[in-house]
Amino acid sequence: MMTRLALVSESAKTAPQSNAPTTPESGLSEDATPRLLVIDGHSMAFRAFYAMPVDKFVTQAGQHTNAVHGFTAMLLTMIKERKPSHVVVAFDLDTPTFRSLEYTEYKAGRNKTPEEFYGQIDLIIKVMAAMNIPTISVDGFEADDIIATLAAQGEAAGWDVLVVSGDRDAFQLITDKVSVLYPTKGISAIPPMDAASVEAKYFVPPNRYSDLAALVGETADNLPGVPGVGPKTAAKWINQYGGLEGILENLDAIGGKVGESLRAHVDDVKRNRRLNHLLRDMELPVPLEQTLLQAPDRDAVEELFDSLEFNQLRKRLFDLFGEAETDDAGEAHQVPAHRVVTEAAALQAWLAVDGVCAVDVLSEKLGLAHEAVGVALVRADSAVVVDLRTADEALESALASWLASDATKVVHEYKEALKALSVRGLSLAGVQDDTSLSGYLIQPDRRSYELAELSKVHLKVGFEDSVQESSGQLDLGLSEDTSFADAVQRGYVALLLSEHFAPLLVERGAAVLLRELELPLAAVLAQMELTGIAISQERLAVLLADFTAAMNAAQAAAFAAIGHEVNLGSPKQLQEVLFEELGLPKTKKIKTGYTTDAASLKALLEKTGHEFLAQLMAHREASKLKQMVETLKKSVAEDGRIHTTYAQNVAATGRLSSNNPNLQNIPVRTEEGRRVRDILVVSEGYECLLAADYSQIEMRIMAHLSGDAGLIQAYAEGEDLHRYVGSHVFGVAPADVTSAMRSKVKAMSYGLAYGLTSFGLSKQLEISVDEARTLVKDYFDRFGGVRDYLRGVVEQARVDGYTSTIEGRRRYLPDLSSADRQLRELAERIALNSPIQGSAADIIKHAMLGVAGELQRQDLKSRMLLQVHDELILEIWPGELETVKALVVEQMGSAADLLVPLEVQLGLGASWNDAGH
DNA sequence: TCTGGAGCAA
DNA sequence: ACGTTGCTCCAGAA
């Protein structure tokens, strides 16, 4: 059950605290007696349909949803107001029932189902599934029988039962424990009918209601009664003779016209009574206990309500389940009480107990980095906190040796913990799980892996974290007590999550990836981030001045060309100048008008030769570079170095990403851009930078995965791949492959790994679609293995629901079966690309572990600084160059065993630019 | 504060 | 509709 109150530590309860438990007004379990809510699905759906305007509830896809909406709203209101502990919905099937088989006119003559109603029952069933509410339908029986059986079972178990039905036959079910809610108008809530209200209305007790209905008839079911007999007469007879049986025994005693009428229609009455008798002893596919009201499946609700365009209802639903039920979950997930230990002996005593322990490191901002100030150690039933600011030497050393030991630990964000601890000279070993990484391996395309979110999604337990909510800063008036309590809470959640993830990891084949790749890599990355890369302040200053001057010159010239000023950085203003003022031809349409991107400006310049365009492009380039240099300058730390941060759980393919600043997108293609790489230099005391990159790793993976004989042969012979492919595609000797041919097949080869279409290829190569199509065909004729592989990947992914890298890293692609063509085709392209990009990511990660391992094993001072997807940048200590070159080539080259060799290129220099090649 | 456009890398 | 994975900046709207 989703609750934000469950995770409250014992110690927190004593102090006033934002997340202290409050007694909810509507605890779902406040009553000792279970309360079962049974809903007649079809009748309520119809009520909802006629209660809600048809034309106000249509999705963009054209699906009517008024009945779904009304039904769901009604259900939420019921749950909120009636507070059932158990909920179940019964549906009719379209198949014949024992009633329609006996009496073919049964329920005939009803109006045809309106077209707009079509499909809404299925949607309601889907909503119920997302809400984890069971639905029951049984072939050959009506929902009424299911409801009667459920009511009987509930009553037998001593429960209270509330039946919601638009069918009066349900009145016969009413007892002390069973009441019926029969909406008279629409679906608005009215008080339920009990025995007294049935008697008041029909003058018979509920158990005689069926007798009355048999005599009177039921229009809705097309069951004619005795002409001339209404409820009053029927009730009189029933009370006089003690029920229908008594009436039938005394048929002749009833006088008058109505008596004759009764005798004439006695068979109808008997039939009516047989038909309106509800079965109470059916075998149901869902046992009563399974109707327990649970938390909705959040993801499923999100997805379904998105497609139904139910935004208000979604909020109502989550509000309802967010504030409900605290007791049960609270007991199941009780954060252990903690104490702050100040003595080494006390800590050692606590640590002597066995069991997995979560470690949460509290840190404080220290310049651009973080420094550990406290450590919370949490086991399932007990927790301690060490305050590093006040700890004496003995305590800190006791903690340090335990942290460095191989005692098994669970953390959230291992890399950050390592970095914060390392500032204090502490290490952290024995980590068997980092929930931010295991969460990622299980579900690699989430946007965030914050503890609170993982907890919500996977454990259905929400919690508040005052530290996270105040954006990680500790000095915002938060008491120490609060931060310690929060740290304990985070540790406890990490512990629960880790336990929850363990079987999922195994099931998804990700346990090995976590243990042998991601976790050890986190430690390597932490070290790289802490090390950073040196910069040249002088070059930085010169470059900034140069780019600023170039930018200003271009801006002045641009203004001169049009005779006035304009914000060159505003696409909106540029559109005005280009397409209205200058009347240039329109470019490709975008959301906000017409694009002013570089490719379009280039095309416009070639067409018109307008000076403004040339200056605008020059300005764009210079200001981009200037801005980039400025960003780098701002990110220089006190040690004069730049420390990027690698995100290990952002790219859904398994790649790393780099931020603050991003050092994976430093320019390299143009001469001017490469000057930015000159800023990043070798540290003082070191000999040079070494850049090592894989040559065409993605194409080699393509060769491996496809097993294409041609590609494998090309690599085996060490040929220039694109020249080789070109010679085959164009049918000429390798020596006769022109540079135009080579660049075509190069674009083609890489495009294939991205799901390129003929259209895209034609655009990129500036050739006709026909020409592109021919190129694709010729390519596939020669390299059929590639075509077969690419086809197979998508097919397999559709079957499995996911793609895999060589190492088994998965990416789930539910959109492969989406009805939305755009989404589906995107998923197909992702399916083509992920195994290739992801396998490359796995390989370089292995290489990094190998390189870091060898550097350490050989006790070298050279160090790894950066990773740029297929490239590693190292810094070489004097005298170690040859050793490091050899180990880097060896480790990178042997990081995977492919059908083709992995080739590594090396470059050396005093700056990153110089080390490039 | 958020979105779209733009542009840099692999 | 038309090539994947990222990050960051700016302008302009809210």
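This note reviews a predicted model of a protein with DNA strand C, point by point.

1. Basis of the values. The model is predicted, so local features require pLDDT of at least 70 and side-chain atom pairs count only at pLDDT 80 or more, whereas totals for chains, interfaces and linings use all residues. Residues are numbered from 1 along each chain as its sequence is written, chains are lettered from A and ligands numbered from 1 in the order in which they are written, and side-chain values use heavy atoms, with hydrogens and water left out.

2. Surroundings of DNA strand C. A residue is taken as near the strand if one of its heavy atoms lies within 4 Å of it. By that rule 36 residues surround DNA strand C, the closest being Ser570, Asn660, Tyr754, Thr757 and Gln764.

3. An N or O atom in the side chain of Ser570 is 2.5 Å from a phosphate oxygen of DNA strand C. Gln764 is placed with a side-chain N or O atom 2.3 Å from a base oxygen of DNA strand C.

4. Elements and composition of this surface. Helices (H or I, at least four residues) and strands (E, at least two) are DSSP runs, numbered from the N terminus. Two or more residues each come from α25 (571-581), α27 (611-634), β19 (657-659), α32 (739-752), α33 (758-765) and α36 (821-857). The largest share, eight residues, is given by α36. By class, the surface near DNA strand C has nine nonpolar, 21 polar and six charged residues; Ala, Val, Leu, Ile, Met, Phe, Trp, Tyr, Cys and Pro count as nonpolar, Asp, Glu, Lys and Arg as charged, and the others, Gly among them, as polar.

5. Salt bridges between separate elements. With a salt bridge defined as a side-chain nitrogen of Lys or Arg within 4 Å of a carboxyl oxygen of Asp or Glu, the count comes to 37. One of them joins Arg389 and Glu364, whose closest N and O atoms are 3.3 Å apart. Arg389 lies in the loop between β11 (382-387) and α17 (393-404) and Glu364 in strand β9 (residues 357-366), so the pair ties together parts that are 25 residues apart in sequence. Buried means under 20% relative accessible area, exposed over 50% and partly exposed in between (1.4 Å probe, protein chains only). Arg389, at 37%, is partly exposed, and Glu364 is also partly exposed, at 28%.

6. Salt bridges within a helix. Asp770 and Arg773 form a salt bridge, with their closest N and O atoms 3.4 Å apart. Both lie in helix α34 (residues 769-782), three residues apart, about one turn of the helix. Asp770 is exposed, with a relative accessible area of 54%, whereas Arg773 is partly exposed at 47%. A network of salt bridges links Lys415, Glu416, Lys419 and Glu529.

7. Domains. An automatic or database domain assignment supplies the bounds; for chain A these include domain 4 (692-696 + 840-915) and domain 5 (698-838). The centres of domain 4 and domain 5, taken over C-alpha atoms, are separated by 28 Å. Contact (heavy atoms within 4.5 Å) involves 15 residues of domain 4 and 19 residues of domain 5.

Terms used:
A polar contact is a pair of N or O atoms within 3.5 Å; within protein, one must be able to donate a hydrogen and the other to accept it, and residues adjacent in sequence count only if both atoms are side-chain atoms.
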